[in-house]
Amino acid sequence: DRFLGNTDLVGRIGSLTAPVSNWMNAVWVNRKFMEMAVGIHARRTLPPFHRETFSRWFDGRKPDRRPQPARDRVALFATCSVEYNDPDTGKAAVTVLEKNGVDVTLPAQRCCGMPYLDGGAVTEAKRLIADNVKSLAEEVRQGREIVVPGPTCSYMLKQEYPWLDGSDDANLVAAHTRDLFEYLASLHDQGRLDTRFPKAPGTISYQLPCHLKAQNMGTRSADVLRLTGAAVEVIERCSAVDGTWGMKTEYFELSMKLAGPLFRDVQAAKPERVATDCPLAALQIHQGTGRVARHPIQILAEAYGLDPEAPEWRR
């Protein structure tokens, strides 16, 4: 539990040693050792690590040079998954937000604390939460909304920080936190989201993560994706990873069994694309169906014709 909860340490080591760490995670002997040593099932698909983390990309990119000043200002809480395992999602989020007149900063941040909380390490979780509350509350006082591309992390900031931390700053952070597509949908409601999409994505099967359902916001990701002209089918099936639970040796088989309805719905739909906001659900879908499930913001960036790796985004 403590190993799985320390995502910052695992992420830093994995990224610093990539691509060797990714190769090791594919070696059966090493995976059996990990199973015996820390209890991660040898057949559980693990996320890849990237040598260039999201924050390194963000710090090295060219500053945005729009002729008009930004209309809105946000602080991006990137999540550990984006930082170490899926920087492309963070890059897509930044490019889409800036295309829509939003100034983006990346404040100091640590893991949201949910992995520690999963294992009952409440003291460790509270320590991370206190650091995040201090940093994010200052961003809010400077007039920024907090935008989060991961549903578990946005759920934590909104609903768990106030009672786990108990401070006025924690309540301030919770009141000004928005899931990424919740924020984009609000821009659309105000008539301020660019809806000119030169590249329609086609048919999409979208898995609605449980931690988005728990935020009672509807299906904002699917709603925004439909603006591109895509036909989006919402699949309300739990991926059954449940944070660190589905990675553990004793629960892996049950996790895969419980995810069976999700696998069957994805395969039956035969979509051109599969999407989910949850990185663990994406791993589960890929393991159970062979289909790559991408974050909706990546699909939206492609519909706009944006390429975060283009030379104009680099120093």
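I began with strand β5 (residues 203-207), which pairs with β6 in the parallel sense over 5 bridges. For my own record, two strands pair if DSSP finds at least two bridges between them. Helices (H or I, at least four residues) and strands (E, at least two) are DSSP runs, numbered from the N terminus. This is a predicted model, in which local features need pLDDT of at least 70 and side-chain atom pairs count only at pLDDT 80 or more, while totals for chains, interfaces and linings use all residues. Residues are numbered from 1 along each chain as its sequence is written, and side-chain values use heavy atoms, with hydrogens and water left out.

Next I looked up the partners in β6. I found V232 as the bridge partner of I204, and E233 opposite S205.

I then turned to β7, which runs parallel to β5 and is joined to it by 4 bridges. Here I204 stands opposite R273.

What is the strand order of the open sheet? I read β6-β5-β7-β8, 4 strands with parallel pairing. The edge strands, β6 (231-235) and β8 (293-294), each pair on one side only.

Is β5 mostly covered or mostly uncovered? I noted 4 of its 5 residues as buried, so β5 is mostly covered; buried means under 20% relative accessible area, exposed over 50%, and partly exposed in between (1.4 Å probe, protein chains only).

I checked which helices lie across these strands. Helix α17 (residues 279-289) lies across β5, β7 (273-276) and β8, at about 145 degrees to β7. Helix α18 (residues 296-304) also lies across β5, β7 and β8, at about 125 degrees to β7. The axes are lines fitted to C-alpha atoms, for helices over the stretch in contact (heavy atoms within 4.5 Å), and the angles run from 0 to 180 degrees between N-to-C directions.

My last entry is on helix α7 (residues 87-99). Of its 13 residues, 11 are buried, so α7 is largely enclosed by the rest of the structure. Among the buried ones I listed P87, K91, V94 and E98. The buried residues of α7 pack against α5 (54-60), β1 (72-76), α6 (80-85), β2 (102-105), α12 (180-189) and α18. Just after α7, I found G101 with a positive phi of about 75 degrees.
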